[in-house]
Amino acid sequence: MNKNFYKRTNCRICGQSDLIKILDLGEMPSANSFLREDELLLEEQKFSLRVYFCETCKLLKLLDVVSPEILFGNYDYLTSASKPLAEHFVRMANELVEKFIKSNDDLMIEIGGNDAVLLESIKDVCRVLNIEPAKNIFEISRQKKVETINEFFSKKLAEKILEEYGSAKVIIANNVMAHIDDIKDVFEGIKILINDDGVFVFEVHWVGNLIGEGGFDQIYHEHLSYYSLHSLLNLVEQFDLKIFDIELVPIHGESLRVFVGKNFNVSDSVENFLNTEKELELNNSKTFIQFSKKVEKNKKDLKDLLVSLKKQGKKIVGYGAPAKGNTLLNYCGIDNTILDFITDTTSLKQGLYTPGTRIPIEHPDKIKESEIDYILLLAWNYADAILEKEKELREKGIKFIIPVPEPRVV
Ligand code: JHZ
Ligand code: ZN
């Protein structure tokens, strides 16, 4: 077996091997493997990006699994670089403290807490522990005086943590549940680490947004699973745990905030949300087949728009270099002949090039210094905040293009 990659043959929730192929986005490099200048002459490693649906447990997913060490061992994504996201996590931390933390000896653990934006904000209220596997990021978390373990979370690690720190009152996992192939091992670990009054709270992008108002560009190798409440119930019920509450939160388009515990009363929100998903037919493969047609049209319309603007001599740049942008750019064939550069607030990304399409990433000031006509908003999930922040550019006549779910010029 290739140690960088393996192809699953069955569903990671229910084991079914008879799966329906929904979409093929072709081969592309992993979305966060930004290139240094000296790497531009080297050939990039590319992996297939194909999406399948399981009729049995209703999970939409990838079967092409790139090794987590390649994807996350070194990671250029910093939570703190996106102000709206950082504010969202600080709010979440306070809400969780209010609801579940009773004493300053209680332990709050975050799985994949990145540069510790969330835990740092409440580190004086209770004991906190970040489990961050990226070698270049866990140090940032420690510098913020947040206790941090530089490992991937697993059942084995949960046993060690229990021994060393005791059980957790709250375990958080934001934007990481989609990334884990052996998701059952994670739930085994959660079960070990929380007591009867402990909660596991996670946020994960909602598949209803992926196929609806959001964009197909959320599909990339890091995102192995595209969860609905339907599929999550099928997963969680295997572990003597219960989803007792669920909310839809306006982050990354729309994400699910899911509350899991052992002995909590189940709120009406669970049944209500299940009904919402039934109305949207998220339990039906036909819905996803229709979505795949929408994706092809999105690609064609966006590429046609950009090519026609280039023919008119317009200068176009990108705004934000999110992981999802690299799915969009690679799948639509938008490279450095169309976008002159992309700006990004993440210091780690500035000076690098986008994987596959090799567009240079610059400091945000570069937009102000350049004569440009259009901005392709790759970080479309922060559209409201960015359009407000960049009022001056728009007043100068520069137009923004929101690329998904269909291109819009604003
Ligand atoms: P953003 C991340 O994906 C990473 P990405 C991860 N794979 C995941 O699961 C999803 O989230 C859900 C920049 N920016 O948050 C900062 C500006 O330049 O949409 C970021 O590089 N100016 C774990 O990477 C990028 O855009 C701005 O004003 O798709 C946004 O990345 C703002 C607000 C952001 O996630
Ligand atoms: Zn399944």
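**Cavities**

I looked up the largest cavity in this predicted model and found about 60 Å³ of space in it. I took a cavity as a set of points, on a 1 Å grid over the protein atoms alone, where a 1.4 Å probe fits but cannot get out. Lining residues have an atom within 4 Å of a point. Grid points are joined across faces, edges and corners, and a volume is the space filled by probe spheres set on the points.

Leu210, Ile211, Gly212, Gly214, Gly215, Phe216, Phe291, Lys294, Val295, Asn298 and Pro405 line the largest cavity. I noted that helix H10 (residues 285-311) gives the most to this lining, with four residues. I used DSSP runs for helices (H or I, at least four residues) and strands (E, at least two), numbered from the N terminus. By class, the lining of the largest cavity holds six nonpolar, four polar and one charged residues. Here Ala, Val, Leu, Ile, Met, Phe, Trp, Tyr, Cys and Pro count as nonpolar, Asp, Glu, Lys and Arg as charged, and the others, Gly among them, as polar.

I then turned to the second largest cavity, whose volume is about 40 Å³. Its lining is made of Tyr319, Thr343, Pro364, Ile367, Lys368, Glu390 and Leu393. These divide into four nonpolar, one polar and two charged residues. The structure holds three cavities of 30 Å³ or more.

I worked with residues numbered from 1 along each chain as its sequence is written, and with chains lettered from A and ligands numbered from 1 in the order in which they are written. Local features need pLDDT of at least 70, side-chain atom pairs count only at pLDDT 80 or more, totals for chains, interfaces and linings use all residues, and side-chain values use heavy atoms, with hydrogens and water left out.

**Second largest pocket**

I read a pocket as an open set of grid points with protein on both sides within 12 Å along at least five of seven lines. The second largest pocket contains about 540 Å³ of space. It is lined by 23 residues, and Gly253, Trp380, Asn381, Ala383 and Asp384 are the closest to its centre. Helices H2 and H13 (383-389) each supply at least two lining residues, and H2 gives the most, with four. I counted the lining by class as 11 nonpolar, five polar and seven charged residues.

**Rings**

Lysine 324 lies over the face of tryptophan 380, at 5.8 Å from the ring centre. Lysine 366 lies over the face of phenylalanine 341, at 5.1 Å from the ring centre.

For aromatic pairs I took rings of Phe, Tyr and Trp (its six-membered ring) with centres within 6.5 Å; planes under 30 degrees apart count as stacked, over 60 as edge-to-face and the rest as tilted. The structure holds 14 such pairs. In one of them, phenylalanine 100 and phenylalanine 259 are tilted, with 6.3 Å from centre to centre and 45° between the planes. Phenylalanine 100 belongs to helix H2 and phenylalanine 259 to strand E13 (residues 255-261), so the pair ties together parts that are 159 residues apart in sequence.

Phenylalanine 100 is buried at 11%, and phenylalanine 259 is buried at 2%. Ring pairs link Phe100, Phe244, Phe259 and Phe264 into a cluster.

**Salt bridges**

I counted a salt bridge where a side-chain nitrogen of Lys or Arg is within 4 Å of a carboxyl oxygen of Asp or Glu. The structure holds 22 of them.

Aspartate 181 and arginine 12 form one, at 2.9 Å from N to O. Aspartate 181 lies in the loop between strand E9 (168-174) and helix H6 (183-193), and arginine 12 in the loop between strands E1 (5-7) and E2 (20-28), so the pair ties together parts that are 169 residues apart in sequence. Aspartate 181 is buried, with 15% relative accessible area, and arginine 12 is buried at 3%.

Aspartate 24 and lysine 21 also meet in a salt bridge, at 3.7 Å from N to O. Aspartate 24 is partly exposed at 40%, as is lysine 21 at 44%.

Conventions
Buried < 20%, exposed > 50% of the residue type's maximum accessible area, 1.4 Å probe, protein only. Lys NZ or Arg CZ within 6 Å of the ring centre and 35° of its normal.
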